[in-house]
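Thanks, everyone. I have one structure to show, and I will keep it brief.

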Amino acid sequence: MAFFRQYVAPLIAVLGFLIALFFVSARIFLPSDMAAPAPVDTPAQVAAPSNSQATLGAPEMSASLSMLIKGALID
């Protein structure tokens, strides 16, 4: 058991880190369009909730809260 703890386990850990380092460093050699980070689209403007989404008798804050919970409806 001491042999495993002193030699095998550290070797497995070091090999795991080296493999991860290899794959992370491989991005350098990818074509430029694949090495770039993923594009981020600008978020679409969220429309104001209609009367059907708002709870009757609730303030405006609950309408925006329900929009956050249920999501914006895109027509």
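**A walk along the chain**

From the N terminus on, the elements run α-α-α. That is 3 helices and 0 strands. Keep in mind that this is a predicted model.

Start with the surface. How much of the chain is buried? Buried residues make up 4% of the 75 residues. The accessible surface of the chain comes to about 7,200 Å². Carbon and sulfur atoms account for 71% of that surface.

Now helix H1. It covers residues 2-25, which is 24 residues.

Where is it? Look at Val8: the helix bends there by about 30°. A proline follows within four residues, and that proline is Pro10.

Next, the aromatics. The structure holds 2 aromatic pairs. Take Phe3 and Tyr7. Their ring centres lie 5.2 Å apart, with the planes at 40°. Stacked needs under 30 degrees and edge-to-face needs over 60, so this pair is tilted. Phe3 and Tyr7 are 4 residues apart in H1, so about one helical turn separates them. Are these two buried or exposed? Phe3 is exposed, and Tyr7 is exposed as well.

Then Phe22 and Phe23. Here the ring centres are 5.3 Å apart and the planes sit at 70°. That angle is over 60 degrees, so the pair counts as edge-to-face. Phe22 has a relative accessible area of 55%, so it is exposed. Phe23 comes in at 56%, so Phe23 is exposed too. The cut-off for exposed is over 50%.

Last stop, a nonpolar patch on the surface. Which residues form it? They are Leu11, Val14, Leu15, Leu18 and Leu21. Together they have about 470 Å² of accessible area. Val14, one of the five, sits in helix H1. Its relative accessible area is 47%, so Val14 is partly exposed.

To recap: a predicted model, three helices, a bend at Val8, two aromatic pairs and a nonpolar surface patch. Thank you.

Note on methods
Residues numbered from 1 in each chain as written. Predicted model: local features only at pLDDT ≥ 70, side-chain atom pairs only at ≥ 80, totals over all residues. Heavy atoms only, no water. Helix = DSSP H or I, 4+ residues; strand = E, 2+ residues; numbered from the N terminus. Expected span 1.5 Å × (residues − 1). Bend = angle between axes of the 7 residues up to and from the residue. Phe/Tyr/Trp six-rings, centres within 6.5 Å; stacked < 30°, edge-to-face > 60°. Buried < 20%, exposed > 50% of the residue type's maximum accessible area, 1.4 Å probe, protein only. Patch = residues over 30% accessible without salt bridge, like charges linked within 9 Å, V, L, I, M, F, W, Y side chains within 5 Å. Areas by Shrake-Rupley, 256 points an atom, 1.4 Å probe, with all protein chains shown as cover. Salt bridge = Lys/Arg side-chain N within 4 Å of Asp/Glu carboxyl O.
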